[in-house]
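Colleague: I am new to this structure. Please take me closely through the place where the two chains meet, and then through the parts around it.

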Amino acid sequence: MIRIIILIVCLVAVMAESHAQSDRPILDISLKAFEMNLPDDIRLQQQADIYPAVRQAEARYLPSFLKLILEDSGYWGAIRLLPDIDSGAEVQVSAAILESDGATLSLAIRAIDATGRVWTDKIYTNTAVESVSLNNPVLGTDPFLYLYTEINNDLGLVYSSLTSAQLNEIKSIATLRYAAALAPEVFSLYLESNEEGIYTLIRFPAANDPLLLRVQEIREHEYVFIDVVDEQYEDFFVGIKPVYDLWRRYRRDQLSSEEDKINRELRQTDGFRRGSYMSLKESYNNFRWSRMQDQYLEEINEGFINEVLPTDVTLEDSLYHLSGTLDEQYQEWQEILKEFWLLENP
Amino acid sequence: MAIHQLLQSSSFQFRHFPCLFVLPVFLLTACATEEPAQLPDETEYEVVDMSGNWEKDFQLSDDFETEFNLYMFDIQRRINPQQDGINRGFGGGGASGSMESIVGLARFTEEITRMPILNIEQDRSRVNIDREDDFALFCEFFNRQNIVTETPFGTEQCGWNREQLLFLLNLTDGLQIYYQVTLSPDSRQLNITTTVTSDQVSTAMTISNYYRRYDVPESNIDCILTLTRNNVCRRVSN
């Protein structure tokens with residue numbers, strides 16, 4: 001409870017400071033779909049109760065929720081969720097799902113800005129807290145709300161610690177890194193990077209540099225695609241939220257009853273003589289119960305997949321289609337930029 | 001008639017279990033002659049397709065009453081090979097505890113081997129034997145290794161031995177259940193031999209059940225399980 005109060009206080013403090021510093025440059029955040037972190041060996045997946053199809057849905061659902069939390073804080077500029085790393089990200093957030101069983105959520109989060117400064121690189125773990133929010137039924141009722149809030153707060157604290165000059169530098173370097181990915185022979189000259197991956201700005205091209213203007217044009221075009229990708233993730237999130245909420249609730253109930261049963265059985269001695277009918281029966285019934293719990297879990301997972309699969313396939317198709325289009329656009333623009341470069345630098 | 005009903009009938013007790021009361025049963029716990037079952041390590045095997053709906057063939061399957069008598073006779077023979085023991089008096093004292101174990105094992109075996117209906121689903125890498133009113137026996141085959149499922153209440157091991165599918169359950173309180181599932185060469189019959197062992201009884205009890213295929217009438221309703229709407233069904237055209 002104390003932890004929750006502290007988190008809320010922190011959030012309020014960060015938000016208040018944000019408003020006070022509203023003239024400061026605002027940073028955009030690029031979120032990469034989470035790593036599923038699936039063990040290769042199918043037996044290890046079973047031992048850890050990881051169901052690949054559920055994990056795949058989580059890898060898209062959880063960052064979608066984080067995106068909503070970041071947006072809701074009002075602290076950031078555009079939050080973009082992408083299937084891959086964004087080469088022009090001002091702040092790139094990526095994560096791996098370490099544990100997600102409905103009762104516990106554990107994420108390894110890494111956030112890094114365009115200069116290579118690490119904002120956070122740690123494991124966030126939380127146990128589910130049932131909550132009901134009348135004000136915000138989408139965000140307020142998530143059982144892991146505090147985990148996401150903690151991530152937002154950590155990012156907010158780093159943001160608050162940076163000066164406006166540092167924030168502007170992040171924005172400039174993000175633009176140049178994006179430009180350097182398109183035309184490395186031109187734009188990598190403006191940047192310097194060391195072995196630790198820290199970028200420093202040597203100088204910035206003139207504001208009316210034609211190549212830079214074209215790169216910015218490409219970036220704007222890319223945003224159009226990213227917005228479409230984003231919409232797909234949003235549709236996916238809205239589509240699976242009720243199913244995923246239910247799946248997590250069933251899982252929590254199952255885990256809690258399993259824990260109760262094990263504790264009860266281990267604590268009490270049954271009083272039956274070893275080898276007697278009652279003793280054999282109890283031994284078998286306990287095992288039977290345990291196996292039926294496993295089979296119940298399989299059913300829950302199957303029910304989840306049956307309901308989520310069409311939405312998942314739609315997202316998969318659209319991401320595939322969009323990334324294909326993006327790649328083509330990139331190639332096309334790279335060709336055009338090269339031609340310009342050759343024309344202007346014969 | 002279930003075993004506990006059989007045992008409650010006094011006439012049944014004296015007619016069928018003359019030897020039961022003379023066993024020096026205190027020896028039973030001391031002479032555990034049978035080794036616990038073990039699944040063979042990596043063996044040559046061929047996965048056979050057992051999928052389908054199966055119903056118990058009561059004519060071919062073991063009659064429990066007969067098997068129980070044979071079982072009791074076997075126990076007596078093991079303990080006291082020189083004497084038939086028939087005319088001995090009713091043994092008392094420390095015998096009752098082990099008697100309880102023998103009868104308990106038999107009664108328990110009868111209960112878990114009823115399994116009147118089976119539904120088997122199988123593909124190239126897994127088999128699921130769905131049993132009415134009991135948990136499904138499930139096996140996945142990886143690289144010819146036996147698969148072990150561990151729970152806080154025991155372990156389930158499964159694997160193939162030639163064309164036989166094996167399940168070995170090692171449960172708490174010294175209880176072991178061993179299922180051997182075999183398909184007949186013409187694929188029309190299925191046999192499940194169940195061997196139940198308790199560390200409190202020297203002799204395991206084995207029951208063999210036969211099953212024959214039955215057809216489930218085709219339905220033009222296709223249902224899938226969902227979380228928010230339970231079963232969602234749709235009519236399919238034949």
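Modeller: What follows starts at the interface and then moves into each chain.

This is a predicted model, in which local features need pLDDT of at least 70, side-chain atom pairs count only at pLDDT 80 or more, and totals for chains, interfaces and linings use all residues. Residues are numbered from 1 along each chain as its sequence is written, chains are lettered from A and ligands numbered from 1 in the order in which they are written, and side-chain values use heavy atoms, with hydrogens and water left out.

Start with the contact count. On chain B, 44 residues are in contact with 37 residues of chain A. Contact here means heavy atoms within 4.5 Å. The size of an interface is often given as the accessible area lost when the parts come together. Here chain B and chain A bury about 3,500 Å² between them. Carbon and sulfur atoms carry 59% of that area. Buried area is the accessible area (1.4 Å probe) that two parts lose on being put together, summed over both.

The rule finds 6 salt bridges across the interface of chain B and chain A. A salt bridge is a side-chain nitrogen of Lys or Arg within 4 Å of a carboxyl oxygen of Asp or Glu. One of these joins the side chains of B:D134 and A:R288, at 3.3 Å from N to O. Between chain B and chain A, 16 residue pairs are in polar contact, both residues being at pLDDT 80 or more. A polar contact is a pair of N or O atoms within 3.5 Å; within protein, one must be able to donate a hydrogen and the other to accept it, and residues adjacent in sequence count only if both atoms are side-chain atoms.

Which elements of chain B give two or more residues to the side that touches chain A? They include helix 4 (95-112), strand 6 (154-161), strand 7 (164-171) and strand 8 (175-183) of chain B. Helices (H or I, at least four residues) and strands (E, at least two) are DSSP runs, numbered from the N terminus. Helix 4 of chain B gives the most, with 10 residues. By class, this side of chain B has 18 nonpolar, 15 polar and 11 charged residues. Ala, Val, Leu, Ile, Met, Phe, Trp, Tyr, Cys and Pro count as nonpolar, Asp, Glu, Lys and Arg as charged, and the others, Gly among them, as polar.

Now two residues on that side. B:E111 lies in helix 4 of chain B. B:E111 counts as buried, at 18% relative accessibility. Buried means under 20% relative accessible area, exposed over 50%, partly exposed in between (1.4 Å probe, protein chains only). Beyond its neighbours within four places in sequence, B:E111 is in contact with A:Y277 and A:K281.

B:R131 lies in strand 3 (residues 126-131) of chain B. B:R131 is buried too, with a relative accessible area of 3%. Its side chain joins that of A:Y284 in a polar contact of 3.5 Å. Not counting residues up to four places away in sequence, B:R131 touches A:Y284 and several residues of chain B, among them B:M115, B:L137 and B:Y179.

Stay in chain B for one more residue. B:N191 is found in strand 9 (residues 189-198) of chain B. B:N191 is buried, with a relative accessible area of 11%. Its side chain has a polar contact of 2.8 Å with that of B:T193. Another polar contact, of 2.8 Å, joins the side chains of B:N191 and B:S208.

Now chain A. Helix 4 (residues 145-161) of chain A has 17 residues. At 1.5 Å a residue they should span 24 Å, and the end C-alpha atoms are 24 Å apart, which agrees. The expected span is 1.5 Å times one less than the number of residues. Helix 4 of chain A is mostly covered, with 14 of its 17 residues buried.

Salt bridges also occur within chain A. A:E58 and A:R55 form one, with the closest N and O atoms 3.3 Å apart. Both lie in helix 3 (residues 52-73) of chain A, 3 residues apart, about one turn of the helix. Both A:E58 and A:R55 are buried. A:R117 forms a salt bridge with A:D113, at 2.7 Å between the closest N and O atoms. A:R117 counts as partly exposed at 24% relative accessibility, whereas A:D113 counts as buried at 2%. A:D142, A:K241, A:D245 and A:R248 are linked in a network of salt bridges. Over all chains, the structure holds 28 salt bridges.
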